[in-house]
Amino acid sequence: MSKLYVFDHPLIQHKLTYIRDKNTGTKEFRELVDEVATLMAYEITRNLPLEEVTIETPVSLAKTKVVSGKKIGLVPILRAGLGMVDGILKIIPAAKVGHVGLYRDPETLKPVEYYLKLPSDIAERDLIVIDPMLATGGSASAAIQLLKEKGAQNIKLMCLIAAPEGINQVQQDHDDVDIYVAAVDEKLNDHGYIVPGLGDAGDRLFGTK
């Protein structure tokens with residue numbers, strides 16, 4: 001069964017407050033999202049498997065540990081997901097990055113695919129699907145389904161802010177995908193925006209309207 005993890009680390013919550021603030025400008029917003037993505041990546045990788053190795057320090061031989069197991073892949077949902085990729089790569093620099101392009105039809109609120117480019121070995125990787133906002137859950141669920149159809153075996157979903165409706169939708173569609181968020185908000189409004197949320201993450205990241 002899919003699990004929900006809400007990161008309550010003080011630094012994540014502190015920075016999220018300024019991300020939400022409508023008076024935060026594009027440059028600062030982008031930097032804060034990048035920083036929170038790094039902090040969330042630190043948390044999301046907490047249970048990576050380790051293996052023991054022997055190395056030589058300047059003093060003596062030492063038995064120590066390195067990360068083992070599957071390699072990691074990042075799959076941001078375009079375009080807002082791009083704002084979190086660099087922050088994650090700071091601590092997982094060897095991760096490969098794929099891209100899923102989806103937009104939400106303003107009438108039906110359903111996701112429409114327009115781009116898909118993935119690493120050739122996604123079946124061998126632990127994938128982290130990235131989207132700052134989990135609103136209706138339609139785009140995230142569709143992106144996860146696309147990855148599964150391409151052979152993905154192990155998928156996690158990472159978002160800044162989620163609405164209960166989006167969480168429920170993803171868990172209903174993909175009960176094998178754990179969800180990692182910095183906050184769960186109150187609800188969706190009539191336009192499918194998260195309340196209180198932070199507005200349109202893509203517009204705020206890239207300075208568009």
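Predicted model: local features only at pLDDT ≥ 70, side-chain atom pairs only at ≥ 80, totals over all residues.
1. Let's begin with the record. In an unreviewed entry, UniProt lists Ile 194, Gly 199, Asp 200 and Ala 201 under "binding site".

2. Now for the pocket itself. Its volume is about 730 Å³, and 28 residues line the largest pocket. Nearest the centre you will find Arg 104, Asp 131, Met 133, Ser 139 and Asp 200. Which elements each supply at least two residues of this lining? They are the strands β4 (71–78), β6 (99–104) and β9 (133–134), together with the helices α4 (138–149) and α6 (201–206). Sorted by class, the lining of the largest pocket has 16 nonpolar, eight polar and four charged residues.

3. Take a closer look at Gly 199, one of the residues that UniProt lists. Gly 199 sits in the loop between β13 (194–195) and α6. If residues up to four places away in sequence are not counted, Gly 199 touches Met 133 and Tyr 193.

4. Leaving aside neighbours within four places in sequence, Ala 201 is in contact with Phe 29, Ala 80, Pro 132 and Met 133. Met 133 is also touched by Gly 199.

5. Asp 131 deserves a point of its own, being among the residues that lie nearest the centre of the largest pocket. You can find Asp 131 in the loop between β8 and β9. At 12% relative accessibility, Asp 131 counts as buried. Apart from residues up to four places away in sequence, Asp 131 touches Ile 77, Ala 80, Gly 81, Met 84, Met 158, Cys 159 and Leu 160. Ala 80 is a contact of Ala 201 as well.

6. Next comes the second largest pocket, with a volume of about 340 Å³. Of its 19 lining residues, Ile 44, Thr 45, Asn 47, Lys 156 and Tyr 180 are the closest to the centre. Two or more residues of this lining come from each of α2 (26–44), β8 (125–130) and β10 (154–162). Strand β8 gives the largest share, three residues. By class, the lining of the second largest pocket has nine nonpolar, five polar and five charged residues.

7. Tyr 180 leads us to the aromatic rings. How many aromatic pairs are there? The count comes to two. In one of them, the ring centres of Tyr 5 and Tyr 180 are 4.7 Å apart and the planes meet at 10 degrees, so this pair is stacked. Tyr 5 belongs to strand β1 (residues 4–6) and Tyr 180 to strand β11 (residues 178–184), so the pair links parts of the chain 175 residues apart. Tyr 5 is partly exposed at 31% relative accessibility, whereas Tyr 180 is buried at 7%.

8. Phe 7 and Tyr 180 form a tilted pair, 5.9 Å centre to centre with 40 degrees between the planes. Phe 7 lies in the loop between β1 and α1 (10–20) and Tyr 180 in strand β11, so this pair ties together parts 173 residues apart in sequence. Both Phe 7 and Tyr 180 are buried. Tyr 5, Phe 7 and Tyr 180 form one aromatic cluster.

How values were computed. Residues numbered from 1 in each chain as written. Heavy atoms only, no water. 1 Å grid on protein atoms, 1.4 Å probe; cavity = no way out; pocket = protein on both sides within 12 Å on 5 of 7 lines; lining within 4 Å. Points joined across faces, edges and corners; volume = space filled by probe spheres on them. Helix = DSSP H or I, 4+ residues; strand = E, 2+ residues; numbered from the N terminus. Nonpolar A, V, L, I, M, F, W, Y, C, P; charged D, E, K, R; others polar. Phe/Tyr/Trp six-rings, centres within 6.5 Å; stacked < 30°, edge-to-face > 60°. Buried < 20%, exposed > 50% of the residue type's maximum accessible area, 1.4 Å probe, protein only. Contact = heavy atoms within 4.5 Å. UniProt positions renumbered as here; feature names shortened; annotations may be inferred.
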